[in-house]
Amino acid sequence: MDYRTLDLRAHPELYRVGVGEQGVLLVQPYKGEILPHWRFATPDAARESSETIYGLFLDYLKAGDFVGADMARKFLQMGFTRSRRYANHKGGKKYDGPVPDDKKGQSGAHGRPELPRTPEDPVKAESARIFKAKWDQAEANEDYARQKKEHKAKYG
């Protein structure tokens, strides 16, 4: 699917609930709505960002827009994972060497060795903790669980 031109709000039937953060930087119009609020450089930025994104998550649920809610949940998850990466690896670079051309846009080591961890950055670790709390809150939301189940039953 050409995610650059596809509007999944108009075509929720094309959205498949995936694992992890799949599609988070592709799926429109949600990327455009959520990404401008995504920040994790400091705990204050992470707190404001995670609260704003969680508010969007609740707004999407209230509107019955499961795809939007799931995208917001993925941004909360990505706030945690990226903060943890920067907490463990100064500069955020986890693997040695460039991503192979045929693997660009995919996550994973792709045969590259992991760089040694640096002493934990307590600022980024706190940002990760803040995002993890909001991500857990989203995952535990009963309306989210219901809409997720309904989406899977209706669209597969």
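**Pockets and packed helices**

Reader: By class, which residues make up the lining of the largest pocket?
Author: Keep in mind that this is a predicted model. Charged residues are there, nine of them, next to 13 polar ones.

Reader: OK, and what volume does the second largest pocket have?
Author: Its lining counts 13 residues, and Pro12, Gly64, Asp65, Phe66 and His151 lie nearest its centre. As for the space itself, the volume is about 200 Å³.

Reader: Which element gives the largest share of the lining of the second largest pocket?
Author: Two elements give two or more residues to this lining, helix 3 (66–88) and helix 5 (142–155). By class, the lining residues are six nonpolar, three polar and four charged. The largest share is five residues, and those come from helix 5.

Reader: Let's switch to the helices. Are helix 2 and helix 4 roughly parallel or roughly antiparallel to each other?
Author: Two packed helices are described by the angle between their axes and the distance between the axes. Here, helix 2 (residues 43–62) and helix 4 (residues 122–139) have axes that come within 9 Å and cross at roughly 15 degrees. Angles under 35 degrees count as roughly parallel. So helix 2 and helix 4 are roughly parallel.

Reader: And is the crossing left-handed or right-handed?
Author: The angle where the axes of helix 2 and helix 4 cross is roughly 15 degrees. The way helix 2 passes helix 4 is right-handed.

Reader: How many nonpolar residues are in the contact of helix 2 with helix 4?
Author: On the helix 2 side, the residues include Pro43, Ala46, Tyr54 and Phe57, and they meet a helix 4 set that includes Val123, Ile130, Phe131 and Ala138. The contact also holds charged residues, among them Arg47 and Glu51 in helix 2 and Glu126 and Lys134 in helix 4. By class, the count is four charged, four polar and, for the nonpolar residues, eight.

Reader: One last thing: what separation do the C-alpha atoms of Pro29 and Leu8 have?
Author: Pro29 sits in the segment before helix 1 (30–34). Not counting residues up to four places away in sequence, Pro29 touches Asp7, Leu8 and Arg9. Pro29 and Leu8 are 21 residues apart along the chain, and their C-alpha atoms are separated by 7.0 Å.

Technical notes. Residues are numbered from 1 along each chain as its sequence is written. This is a predicted model: local features need pLDDT of at least 70, side-chain atom pairs count only at pLDDT 80 or more; totals for chains, interfaces and linings use all residues. Side-chain values use heavy atoms; hydrogens and water are left out. Axes are lines fitted to C-alpha atoms, for helices over the stretch in contact, and angles run from 0 to 180 degrees between N-to-C directions. Helices (H or I, at least four residues) and strands (E, at least two) are DSSP runs, numbered from the N terminus. Angles under 35 degrees count as roughly parallel, over 145 as roughly antiparallel, 65 to 115 as roughly perpendicular and the rest as oblique. A crossing is left-handed if the near helix is turned anticlockwise from the far one by less than a right angle, and right-handed if clockwise. Contact means heavy atoms within 4.5 Å. On a 1 Å grid over the protein atoms alone, a cavity is a set of points where a 1.4 Å probe fits but cannot get out, and a pocket is an open set with protein on both sides within 12 Å along at least five of seven lines; lining residues have an atom within 4 Å of a point. Grid points are joined across faces, edges and corners, and a volume is the space filled by probe spheres set on the points.
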